[in-house]
Amino acid sequence: MVCYSDKLPNLAFRWANNAFAYAGRLGRLEVRYHGTWGALCADNIDLEDAHVVCRMMGYSQALGVFKMPMSFSVIKFSLILSCNGNENSTKKCSTAVLNKINSCNTNMESWISCKSSSENSVDADVAVRLVNGTAPNEGRVEVRYYGIWGTICDDGWDLADAHVVCRMLNYSKASWTGPAKVKGSGLILLYDVECRGNENTLGDCRKPGWGQHNCDHSEDAGVKCGHMTEEESSVTARLVERIEKHVGFVEVRYNGTWIPICDDTLDISDAYVVCRMLGYKGAQAPIRQYRQGVNGLWMGGVECSGDEVSISHCYHRGWTNARCRGNYYAGVMCKVTKDLPPIQIRLEERPKPDSGRVAVRYGNIWGSICARGLEMKDALVICRMFGYPGIISWYISQSVNGTIWLSNLECNGTEKSIADCRHRGWGQTTPCTHDSDIGVNCKKADAPRFQINGTNAITKSTVEILLNNSLTIDLGLQSLYQVAVEKRNIEQRLKSYEQPPPFVYNEVNVTMATQMGNDSYITAEIISPIKNLTIGDGQYYHGYYNAPLEAGSMYRVHIRIVTMAMEGEQERVNGHSNFVAFTTKSKTTASVKDVTDQETKKNTYSYAVLGLSVILMLLVCVIVGLIAYCTIKLKNTRKKYKSAKAAELTEFTNPEEPNDQPDFYCKPLDRKYESTEENECCDYENVTGLWMQRYQVPKPVLTDEEKDTDDEDYENI
């Protein structure tokens, strides 16, 4: 018969064979369905299910779920529950399947212990005792949990677990452990216990859960405890191969022989005990894999709680142990009054400048970082310590020696240093080896975006650059814009159509670049964000002179972002670069707007002189023209006057065309002429398209009176 949760309205629970227990009640759990009570198999009930069952019986929560051998005479049910532990009834669990069966798979039935709401202050009160032994320091181990006593199964039980039991009983150590000589009865409370040996109680050790087991009482564990021998009580320690007075690997002297301590289980608690033995107040850090040794005796598997007066009181594998994984010496760094030097970090075995294995220095000792628990946000903090604004990836990078300083980093990604992140502690790196050392591929700053600010931004000595400040830089870094000027020669101009080679920044100023014959130089470093920059303005930027450019020359301006870590003395990290190309204006084509004030004044004066010269020339031309006009006018007037005079003396004829023998006559005048030939000096003249014969009249001979009269006529115009 199988029933499901929506068909199980009548479920009820009770204890059978219940007995009062400290801080609660303990008994066999029974279930009722439709009036029938039966025991529950222990196969499927866990602590979360038991919490719900205890609430249904009027208690606040369950203390534990236990297993006991099945009673053969009772009715048996198999109840499968899937509860999260917060429900008030099995009806609200995601799964509730009830099945009546003839026998349980493990022949175990469920027993539970519940606690009432008035008993919230009660704790587990874990304790141990040794019973049925031949002496008080030996016997079968029994453990108490919430007032309930039970045995311990010896599955996985070893000397480290026994050492914890003996310390709980105020013994110095456990000298033996194995199956108990006398079997127990009742509950089996623990099995598969895993203690390191330095725990204060068995409740601090790893285990599946109280009451969970697959054992019977033939596997009950037994222990024999003891105290320190005289040789163990007189054990001393020393530091060997010291880097500093308080730093070195550890050797202990037992029975006259110096024995190194193996680093296989070394942690800060062990280091505290050693440093106190050496007279220091405490330990700064344990140092694993300090140096590799040789085969021989080792004090191995050391597990201290930290409050022991001597390392001989800590659990270890014994004084005749010859086993040490890797044969690595355990080292310690003890506390001193002076402050430790700051944490430093570097990249080793670098395939590229921005990648490599990570090494960190703590207390003047360099070591590696274990990849155990590492995430991208942890690697981002590491790259930020180098001055990089981003992380591309991290990888495993094996090394061969040195300590392993850190593991299980827990960073949120905003820290400036891994020292600000949570971790297990410096040197607390068990069980890491150098096969899991980490390397990182860090990301440089992206290339900034910028352009020439318009068509009028270029003059013969400057160019204005407009920057796009949308690029966000990690606030955990220092950053600046670095601006370089590159002058292009003739050969580079001819090859300007080809793919340019990568530009190499010459980190020198313009003066040094000139002396060295370089074509490029740093012209400015801008720390604060700006929107525009005029290249060649003659100003100083972070110590660099922004020299004026040469007229008529071809240039490239390169800009990149340089980042630096906030802490430490890390190198600058140069980001990706962009450039713009341009040619400055030549002197002959420079506009009035682009020239200097002195040139403007000079040109203005020249233009003024030229204008006055033109005006004077025009004035002279006007005057000369007037004079010429008057002269010509005077000549024409005289000519007309002479013609009028001549018309009075001659008559004109207009022959159709001239001939060799023209007809002519001369009008006789009452004057005397110098020549008697009346027809001399005759010629033809084309006047207004007609042929006109003009007779030149011989000049008459004038008397003095006539000369005076004639002169007056000509002068009076």
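## Reading loops, strands and buried residues

Me: Where is the place of asparagine 200?

Reply: Happy to start there. In this predicted model, asparagine 200 sits in the loop between strand E13 (188-190) and strand E14 (221-226).

Me: Which residues is asparagine 200 in contact with, leaving aside its neighbours within four places in sequence?

Reply: The idea is to look past the chain neighbours. Here asparagine 200 is in contact with Val164, Arg167, Met168 and Ser305. Take serine 305: 105 residues separate it from asparagine 200 in sequence, yet their C-alpha atoms are 7.5 Å apart in space.

Me: Now a hairpin, please. How many residues lie between E9 and E10?

Reply: There are 6 residues between these two strands of the hairpin, and in the turn asparagine 132 has a positive phi of about 55°. E9 pairs with strand E10 (residues 138-145) in the antiparallel sense over 5 bridges, and leucine 130 stands opposite valine 141 in E10. Strand E9 (residues 127-131) is also mostly covered, with 4 of its 5 residues buried.

Me: And in what order do the strands of the open sheet with E28 and E33 run?

Reply: Read across the sheet: the 4 strands come in the order E29-E28-E33-E34, with antiparallel pairing. Strand E29 (520-526) and strand E34 (573-583) are the edge strands, as each pairs on one side only. On average, neighbouring strands of this sheet are turned by 20° against each other, direction ignored.

Me: Why is helix H5 described as largely enclosed by the rest of the structure?

Reply: Count its buried residues. In H5 (residues 376-386), 9 of the 11 residues are buried, so the helix is largely enclosed by the rest of the structure. Among them are Asp378, Arg384 and Phe386. Just after H5, glycine 387 takes a positive phi of about 100°.

Conventions:
Residues are numbered from 1 along each chain as its sequence is written. This is a predicted model: local features need pLDDT of at least 70, side-chain atom pairs count only at pLDDT 80 or more; totals for chains, interfaces and linings use all residues. Side-chain values use heavy atoms; hydrogens and water are left out. Buried means under 20% relative accessible area, exposed over 50%, partly exposed in between (1.4 Å probe, protein chains only). Two strands pair if DSSP finds at least two bridges between them. Axes are lines fitted to C-alpha atoms, for helices over the stretch in contact, and angles run from 0 to 180 degrees between N-to-C directions. Contact means heavy atoms within 4.5 Å.
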